[in-house]
Amino acid sequence: MILKANGEYESQDEEEERDESEEDIVDCPEMGELLVIRRALSTLFDPETIQRENIFHSCCSINSKVCSLIIDGGSCTNVASKYLVDKLGLQKTKHPHPYRLKWLNDEAELRISEQVTIPFTIGKYSDQVVCDVVPMQAGHLLLGRPWQFDKETLHNGRTNYYTFSHNNKNHTLAPLTPQEDKVLLMIFKEVLFSGQEEKDLPPEVLELLGRFKEVFPEEIPPGLPPIRGIEHQIDLVPGTPLPNRPAYRVNPEETKELEKQVHDLMSKGYIRESLSPCAVPVLLVPKKDRTWRMCVDCRAINNITVKYRHPIPRLDDMLDELNGATVFSKIDLRSGYHQVRMKEGDEWKMAFKTKQGLYEWLVMPFGLTNAPSTFRSC
């Protein structure tokens with residue numbers, strides 16, 4: 001028992017229980033796949049001034065989805081992104097006091113008429129907050145002055161930590177560091193990779209696609225690609241016999257499909273008729289959309305090909321080259337292998353046989369040994 005000066009007393013167990021309840025909890029950002037694409041570059045930072053020019057950025061979990069969170073004392077309201085609300089199917093309600101939002105000047109304004117209750121979790125801190133629904137792209141959830149007022153938060157300007165009490169426990173929210181989140185990339189969200197029609201894409205994306213229309217053609221131009229100084233070369237092991245495999249047996253339907261695809265490759269200039277002493281067969285493989293892909297069985301020629309030992313580039317070195325870049329996107333290169341020429345004089349080494357005849361590749365086909373090394377070098 002501990003006797004106080006005013007005559008009151010308390011047990012040691014009560015003091016230990018109080019100390020345990022008042023233990024500070026540091027809640028770090030949630031980890032996982034973001035709805036907003038972010039990329040961290042391997043750039044060196046001074047740990048003493050790492051947060052000097054950063055507002056508070058973190059990651060939270062909302063309905064088991066990792067989302068971006070910002071704490072901004074300059075905002076007079078809590079804000080939730082309309083994209084987040086629609087994507088997660090959160091229930092919206094009418095705003096009790098609708099208002100018009102203006103930014104810097106009177107030329108443009110936005111009417112705010114909806115609210116939503118957002119349940120979120122950061123580490124061991126779980127809470128819910130009422131937010132105005134706003135079409136913003138800076139993040140998914142912004143906690144402004146109302147949240148800071150209700151939680152009586154204390155902000156450390158040097159470490160950028162927010163400290164407050166919740167359910168009789170002290171919490172400290174830690175921000176993302178620049179190593180984890182330095183450059184906010186182009187906000188090509190999941191809508192770009194969900195197979196939606198072009199008309200359903202955001203206007204900003206449509207404008208970008210229109211500006212660089214020549215980069216996203218439906219089909220690459222016919223004819224051989226230009227000589228870029230990097231061609232695929234096939235070095236055969238000296239003294240080994242050349243393979244001459246017979247064509248595979250195919251049914252009449254597959255025969256027509258093979259003839260069609262060979263004619264298409266001939267019209268594009270990717271193959272030509274051959275008199276090569278070595279040949280390998282081709283076969284048709286079904287794709288997911290129930291169409292056929294013509295594949296060359298390169299195993300016989302790969303067995304007598306000298307394997308290259310190109311060094312794999314270091315990831316840190318490649319990321320360092322991106323320092324200063326601000327816009328990134330996922331590029332789905334159309335027919336990438338067919339944009340690489342075969343080395344002049346090596347075309348006969350990659351000849352394939354069908355019922356219609358013998359043909360040789362003028363561009364790099366799939367399945368060849370060393371083809372990935374050549375493609376990476378381009």
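**Aromatic cluster**

I looked up the aromatic residues and found that Phe120, Tyr125, Trp147 and Phe164 form one cluster. The model is predicted: local features need pLDDT of at least 70, side-chain atom pairs count only at pLDDT 80 or more, and totals for chains, interfaces and linings use all residues. Residues are numbered from 1 along each chain as its sequence is written, and side-chain values use heavy atoms, with hydrogens and water left out.

I noted how a pair of aromatic rings is described: by the distance of the centres and the angle of the planes. Rings of Phe, Tyr and Trp (its six-membered ring) pair if their centres lie within 6.5 Å; planes under 30 degrees apart are stacked, over 60 edge-to-face, and the rest tilted. The structure holds eight aromatic pairs. I took Tyr125 and Phe164: their ring centres are 4.9 Å apart and their planes stand at 70 degrees, so this pair is edge-to-face. Tyr125 is in strand 10 (residues 125–134) and Phe164 is in strand 13 (residues 161–166), so the pair ties together parts 39 residues apart in sequence. Helices (H or I, at least four residues) and strands (E, at least two) are DSSP runs, numbered from the N terminus.

Are Tyr125 and Phe164 buried or exposed? Both are buried. Buried means under 20% relative accessible area, exposed over 50%, and partly exposed in between (1.4 Å probe, protein chains only).

I then checked Phe352 and Trp361. Their ring centres are 5.7 Å apart and the planes stand at 45 degrees, so the pair is tilted. Phe352 is buried at a relative accessible area of 0%. Trp361 is buried at 4%.

**His95**

I found His95 in strand 8 (residues 92–103). His95 counts as buried, at 11% relative accessibility. Its side chain makes a polar contact with the side chain of Gln115 (3.3 Å). A polar contact is a pair of N or O atoms within 3.5 Å; within protein, one must be able to donate a hydrogen and the other to accept it, and residues adjacent in sequence count only if both atoms are side-chain atoms. Leaving out residues up to four places away in sequence, His95 touches Ile112, Ser113, Glu114, Gln115 and Asp132. Contact here means heavy atoms within 4.5 Å.

**Leu224**

Where is Leu224? I found Leu224 in the loop between helix 4 (203–211) and helix 5 (252–268). Leu224 is partly exposed, with a relative accessible area of 37%. Its C-alpha atom is separated by 8.5 Å from that of His338, 114 residues apart along the chain.

**Second largest pocket**

I looked up this pocket next and read a volume of about 890 Å³. On a 1 Å grid over the protein atoms alone, a pocket is an open set of points with protein on both sides within 12 Å along at least five of seven lines; a cavity is a set where a 1.4 Å probe fits but cannot get out; lining residues have an atom within 4 Å of a point. Points are joined across faces, edges and corners, and a volume is the space filled by probe spheres set on them.

Of the 24 lining residues, the closest to the pocket centre are Gln261, Leu265, Lys287, Arg293 and His338. Helix 5 gives the largest share of the lining, six residues.

**Largest cavity**

I found one cavity of 30 Å³ or more. The largest cavity holds about 60 Å³ of space. Its lining residues include Ala247, Tyr248, Lys353 and Gln356.
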